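Dear colleague,

I am passing on the structure below, together with some notes on what was found in it. Please read the notes with the structure open beside you.

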Amino acid sequence: MQPATYLNPFTDFGFKKLFGEEYNKDLLIDFLNQLLKNEQGRIKTLTYLKNEHLGRSEADRRAVYDLYCENEQGEKFIVEIQKSKQKFFKDRALYYSTFPIAEQGKVGDWDFELKAVYTVAILDFVFDDDKNDSEKYRYDVKLTDIETYKVFYDKLTFVYLEMPKFEKTLEELETRFDKWLYVLKNLERLHDIPEKLKDRIFRKLFAAAEIAKFTPEEAMAYEDSLKVYRDLKNSIDTAREEGEIKGHDAAMAKAALKMANKGLSLEVISEITGLTIEQIETLRKDENSVKEPAAPYKTAKKPKSSHKASKPQR
């Protein structure tokens, strides 16, 4: 099998290499412009922001985004790659969106006007709700009136892309957005730049993704990230297969332990499996606890008699 020429964009290293580096910022701008052109018009500039947000106190759950940035109008963009299905993924996405909203609050005289917040999630799985609808791979979600179907509030937007459902071939690509989805899904399997993708932006993307051009440090970081990605997918896929037979909770518990033993953080394991951090810690304690084995039971041997038993007299 021919070794990969280009990186896997669903790894943490790969995604941030393509979209999270200042030098490659124009790749992210082009992708978002194609994704949100009906919403946004055209994004001219982006500024990367701190991707870790804490709650109101140290005890509150933190939010760590893959990418967090702001355009020239002060609108915020959370961009995430999601490698595996999570029990409460939609809840997590909503929770994460509250941080860019809350940070806009101002002390003193403030009329509560907010800048728009966009959450973009590129998914390496499909939602259970519509898994049989092969044509539906993009979801655009806003606060909407359920009777009129009109958008009630247009400054909070979630866009989900179910990449496994995107199955267009190179010949079937019609729009630039199609080309982006094709590249994201197939990049690791390509060995040269297709003719349809030989413009400046995509040439730059392929150049950034070429594994042979990595520094030794980058190559090592990518291999580590790729191993985590493969281990994670294998753990989750196995757990879900076993879950159909043994029960979902037992399978997720097994997967959680496997991921913990591979060094994944408790926060990440919790988000993936749906188990709480406390449950994961309890599982680890139970696994690591050494129970003293009970002493084997021995029957006492009867002392040998020095005299033979006398025959009973008649």
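Ile-101 has its place in helix H4, which covers residues 89-102. Please keep in mind throughout that this is a predicted model. With a relative accessibility of 29%, Ile-101 counts as partly exposed, since that value falls between the 20% under which a residue is called buried and the 50% over which it is called exposed. Once its neighbours within four places in sequence are set aside, Ile-101 is in contact with Leu-114, Val-117 and Leu-156. Ala-116 lies 15 residues from Ile-101 in sequence, and the two are 8.5 Å apart in space, taken from C-alpha to C-alpha.

**Two loop residues with positive phi**

The loop between H4 and S6 holds Phe-112, which has a positive phi of about 75° although it is not a glycine. Phe-112 is also exposed, its relative accessible area being 61%. In the loop between S7 and S8 you will find Tyr-149, another residue other than glycine whose phi is positive, in this case near 65°. Tyr-149 counts as exposed, at 69% relative accessibility.

**Helices H5 and H6**

Helix H5 (residues 176-186) packs with helix H6 (residues 200-209) at an angle of about 10°, and their axes are 12 Å apart. Because angles under 35 degrees count as roughly parallel, H5 is described as roughly parallel to H6. On the H5 side the contact is made by Arg-176, Lys-179, Trp-180 and Val-183, while H6 contributes Ile-201, Phe-202 and Leu-205. Sorted by type, the residues of this contact comprise five nonpolar and two charged ones, with no polar residue.

H5 is largely enclosed by the rest of the structure, because eight of its 11 residues are buried. The buried residues of H5 are Phe-177, Asp-178, Trp-180, Leu-181, Tyr-182, Val-183, Leu-184 and Asn-186, and they pack against H1, H2, strand S6 (117-123), strand S7 (138-144), strand S8 (151-162) and H6.

H6, for its part, is mostly covered, with seven of its 10 residues buried. Those residues are Ile-201, Phe-202, Lys-204, Leu-205, Phe-206, Ala-208 and Ala-209, and what covers them includes helix H1 (12-19), helix H2 (25-35) and H5.

**The nonpolar core**

The largest nonpolar core has 50 residues, and within it the residues with the most contacts are Phe-19, Phe-31, Leu-32, Leu-35, Ile-122, Leu-161 and Leu-187.

**Confidence in the model**

The mean pLDDT of the protein is 84, and 81% of its residues reach 70 or more. Over residues 290-301, however, pLDDT stays under 50, and for this stretch the model has zero contacts beyond four places in sequence. Residues 305-314 likewise have pLDDT below 50, and beyond near neighbours in sequence that stretch has zero contacts in the model. I would ask you to keep these two stretches in mind as you look through the structure.

With best wishes

Key: Residues numbered from 1 in each chain as written. Predicted model: local features only at pLDDT ≥ 70, side-chain atom pairs only at ≥ 80, totals over all residues. Heavy atoms only, no water. pLDDT = per-residue confidence, 0-100. Contact = heavy atoms within 4.5 Å. Axes fitted to C-alpha atoms, helices over the stretch in contact; angles between N-to-C directions. Helix = DSSP H or I, 4+ residues; strand = E, 2+ residues; numbered from the N terminus. Parallel < 35°, antiparallel > 145°, perpendicular 65-115°, else oblique. Nonpolar A, V, L, I, M, F, W, Y, C, P; charged D, E, K, R; others polar. Core = buried A, V, L, I, M, F, W, Y, C linked by side-chain atoms within 4.5 Å. Buried < 20%, exposed > 50% of the residue type's maximum accessible area, 1.4 Å probe, protein only.
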